[in-house]
Structures are given as structure tokens and as C-alpha cells.
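Visitor: I would like to learn how to read a structure like this one. Please take me through a few of its features.

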Amino acid sequence: MKLFRYIKYLNRAYGLKRVACVILASTILLNAGNVAFATTSEELKKQQKELEKEQKDLEKKQDAIESQKEQSQSGLNNANANISDIKDEQAEISSGLAAANEELVGLLASIDLIEADIEDTEEKIVQTQKEYDEAKLQEETLYEAMKLRIKYMYEKGELSYAELLLQAQSFNDLLNKAGYAESLYEYDRKKLNEYVTAKNAAEAYGEELAEAKSELETSQYELEEEQKYTEQVIADYKKQYANFDVQLAKAKQEAAVYTAQLQQQTAQIRDLQAKIDEKEKEVKDTAKAAEAAASKEAEELAKKKAEEEAAKKAEEAANNPEENTNNDDDNTDLASATEASSQSSSESSSTQTSSQSAPAPSGSATGSNIANYACQFVGNPYVAGGTSLTNGADCSGFVYAVYKAFGITVPRSSYSQAQYGREVSYDSAQAGDVIYYGGHVAIYLGGGRIVHASTARTGIKYESATYRTILTIRRFI
């Protein structure tokens, strides 16, 4: 009760704040044993001054506490803002790392596929070299045997088959010599055929070997270009993100898995395309057989009709010999006119062909028009770094130039083209789409076929769409 009375007194007498009154009253009561209550006005004034001083001190402490609280709150607000900024920065870094990881996985998978293609090509070269050496050895062996045979016939003065038969003394002798001549002829013909077969096989293996070596050279060039770009990308990301080596290791693991999946998918597509091609061949063979049968029937019918007309003309000629002579002259003139017309047409066609230059694109920029236009440059040269459809282009330069002819600007490098446009699946691919194999691009024609600037040896040519592992298919229009 004393506490409440002191609070009420201090508040009424000195106008102190309630908080200060509580503190002062508590202090007075706690020190009641040491402080005596004032009995005079002087003592009360003195106590008032002391109380006011204590009040001011307390108010200063309160202000200091409030100031510290405000500073703490400000610091907390700043800390929260920093946390928010850090979270935003982390989110941005995370997003950047995700994009970097995606780009790296694509690049590393591309490099893995090129290296796998190089390994396959090297194995193919070893196998083809072995087959070529065997075929070449057989060719040379048969050639030497034929040379010995010719030398023996020359040295022994062996007669020709006709002379051998003419020397027969009797019919039985003629039969014997005929059998011997036939055996000699069969032997020589067999050896000649074996030699021709071996020579053709050696030439085919030699051509295949040369193409494989040229493809290997091109793939190594594409690998170097892809590696340079990848190294630059990695260097840039290392500057941008700390501890990027961890991210790089993760990307390599993902790229290995991705590469295996792509190889499996392409193998499945290749098998399916082979079945489709086989079925199409059956359909074509059946259609061809039906066409041949119809053509044969038509020929027989025409022959029969011609025979009937010839018999009729012969009968008429027998009855009117003078008209027959005139008809012969007319036929001669008609044949001469036909021959002259044919020669003139041939010369005109030859002149037109020789003066024809690189064709301009016709029609709008549709996939089929782009594909048809690209096919007109098959046979033109491959030139690394080139973009000329007539004088030479590399794979991405060929795609770049074909689309440019239709007023469409696409990226120049193969990897940039692999990121351009939108991705489509193989079963949705259409003529004019661009297939990316990892360091190499081609224009899809439909039906499992492509046209592309292949190698320095083969130039721009047609190819199976699954001849290498497909990384992505892009549509630019």
C-alpha cells in the first residue's frame, strides 16, 4: 500500500510520469532504511531535485534503449533485405547454373557423340583396309596367273579355238577337240570373271576406304571446333560461378547418360527405318513387276497389230506395186525429217543444259521447297568454312546458304543451329527440318533421307538420316 501512496503522491505533487513514479517509489521503499522522509520544504525541494535528476537519467536511459531498439530494428530490416537479396541472387545463380548445366550437357554430349563416331570410323577403316588388302591380293594373284597363262600360250604356240577345230581329222576327233576347246574356253572365261570380280571388289573397298578416311578427317575437324567452343564456354562459366568444377563434373555425368540414350534411340529409329525401306522396296518391286507385265502385254499386242498391218500392206503392195515405190520414198523422207528433228531437239537440249547456272529458289519458304532447292546442289564441293552452294560449303554453311536463299537468316555454326528454331521428334520430322548429329548438320528430305555437305571427298550428297547418332531435330520455319 505504501508503494501506491508514493506513486500517487509523486504523480500529484511533481507531475512525474507514471513509469518514473513507479521507479522512484520503488527506489524509495527499497532504501527506506537509509533514507529518512523529508519534514521541511527545503528537504522536500532537495528530494525533488534528486528525484528529477534520477528521472532525467532514467529518461536518458529509456531514450538510449529506444535508440538502440530503433538501430536494432533498422539492422534487422537491413538484414532481412540482405537475406532477400541473397535469396534473389541465389535464385538467379541457380537459374544461371541450370542454364549453364543444360548448355554444357548438350555440348559434352555432342563431343561424346563425335568421339564415338570417330571411334566407329577408325574401326571401319581398319576392317575396310583388311578387306581391301585381301581383295587387292586376290586381284594381283589372278592377274599374275592370267599373265602366266598368256605367256605359256605364246611360248608354246597354242592354237586358237577355231584353228584347233579346223585341224580335226574326223568327226570323233572334232567332237574331242570341241570338248577340249570348250573346257579351255570355260577355264579362261572363269578366270577372267574371277579377276574382274576381284578387281571390282578391290576398287569398291578402295573407294569405301577413301570415303571413311575423308569422313574421319571431317569428324576430327568438327570435334576440334566443338571442343574449342566448349572450352570457351567452360572458361566463361568458371569466371562467373564459384566452384564450377563441381557443376562441370555433374554435367559430364549427365552428358554420358544422355549420350547413351541418344545412341539407343537412334539405333531404334535406324531399325525401324530399315523395315520401312524394306517394305517400300517390296511395294516398288511389285509395282515394277506389274508394270513390266503390262508393258510386255502391250508390246505383244502392238507386235501382233504391227504384223497384221504389215501383212495387210504387203497384200496391198502386191496388188498395187507402183504405190509401194512411192510409199518407200515417203517413208525415207519421213525418217530423214524425224532424224533431223531429233538431232535439232538434242542440240537445243544440250545448249540449254550447258548454259544453265545455279538455280534460284522457286516458291515460298516451305519445308518441301527448301528441301527440293537443297537437292539441286548435290555433287558440289565441300569446303571447310565455306558458305557457297556452288563453289563449296561445309555442313552448317550449306544449311545457312540454303535458308538464306529464301530470305531466312539462321545461325552460322552447327551448334548454334542446334539451338535455333524449335525441336521436333523424329516421327514428326518434315522435309526442310535440320538434323544435328553433334558437330554436324543436315537437311532432312523425308523418308529417312538427308542431303548435306558431307566431306571433302564426297561433297554435297544424299545419305540415310540415321547414318550417325541424332542429337536433335530443329524446325526453322
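Guide: We begin with exposure: a residue counts as buried under 20% relative accessible area, as exposed over 50%, and as partly exposed in between. Arg-457, at 42% relative accessibility, is therefore partly exposed. Keep in mind that this is a predicted model.

Visitor: How many of the residues of the chain count as buried, as a percentage?

Guide: The chain has 477 residues, and 27% of them count as buried. The chain is built with ten helices and eight strands.

Visitor: Which residue does Arg-457 meet in a salt bridge?

Guide: A salt bridge needs a side-chain nitrogen of Lys or Arg within 4 Å of a carboxyl oxygen of Asp or Glu. Arg-457 meets the side chain of Glu-207, with 2.8 Å from N to O. Glu-207 is in helix 5, while Arg-457 is in the loop between strand 6 and strand 7, 250 residues apart, so the pair links distant parts of the chain. Glu-207 has a relative accessible area of 36% and is partly exposed.

Visitor: How many salt bridges does the count come to?

Guide: The count comes to 13 salt bridges. Another one of them joins Lys-199 to Glu-139, where the closest N and O atoms are 3.8 Å apart. Lys-199 belongs to helix 5 and Glu-139 to helix 3, and the two are 60 residues apart. Lys-199 is partly exposed at 31% relative accessibility, whereas Glu-139 is buried at 7%.

Visitor: Which residues are linked with Lys-199 and Glu-139 in a network of salt bridges?

Guide: Lys-136 and Glu-203 are linked with Lys-199 and Glu-139 in that network.

Visitor: What share of the contacts in the chain with a separation of 6 or more comes from residues 24 or more positions apart?

Guide: Residues 24 or more positions apart account for 66% of those contacts.

Visitor: How are two packed helices described?

Guide: Two packed helices are described by the angle between their axes and the distance between the axes. Take helix 8, residues 367–375, and helix 9, residues 395–405: their axes come within 10 Å and cross at roughly 120 degrees. Helix 8 and helix 9 are therefore oblique to each other. Their crossing is right-handed.

Visitor: Which residues of helix 8 and helix 9 make the contact?

Guide: Helix 8 contributes Ile-370, Tyr-373 and Ala-374, and helix 9 contributes Phe-398, Val-402, Tyr-403 and Ala-405. Sorted by type, the residues of this contact are seven nonpolar, no polar and no charged.

Visitor: Why is helix 9 described as largely enclosed by the rest of the structure?

Guide: Helix 9 is described that way because eight of its eleven residues are buried. Among the buried residues are Cys-395, Ser-396, Gly-397 and Phe-398. After helix 9 comes Gly-407, whose phi is positive, near 80 degrees.

Visitor: Where does Arg-412 lie, and which residue does its salt bridge reach?

Guide: Arg-412 forms a salt bridge with Asp-394, and the closest N and O atoms are 3.3 Å apart. Arg-412 lies in the loop between helix 9 and helix 10, and Asp-394 in the loop between strand 2 and helix 9, so the pair ties together parts 18 residues apart in sequence. Arg-412 is partly exposed at 29% relative accessibility, but Asp-394 is buried at 5%.

Notes. Residues are numbered from 1 along each chain as its sequence is written. This is a predicted model: local features need pLDDT of at least 70, side-chain atom pairs count only at pLDDT 80 or more; totals for chains, interfaces and linings use all residues. Side-chain values use heavy atoms; hydrogens and water are left out. Axes are lines fitted to C-alpha atoms, for helices over the stretch in contact, and angles run from 0 to 180 degrees between N-to-C directions. Helices (H or I, at least four residues) and strands (E, at least two) are DSSP runs, numbered from the N terminus. Angles under 35 degrees count as roughly parallel, over 145 as roughly antiparallel, 65 to 115 as roughly perpendicular and the rest as oblique. A crossing is left-handed if the near helix is turned anticlockwise from the far one by less than a right angle, and right-handed if clockwise. Contact means heavy atoms within 4.5 Å. Ala, Val, Leu, Ile, Met, Phe, Trp, Tyr, Cys and Pro count as nonpolar, Asp, Glu, Lys and Arg as charged, and the others, Gly among them, as polar. Buried means under 20% relative accessible area, exposed over 50%, partly exposed in between (1.4 Å probe, protein chains only).
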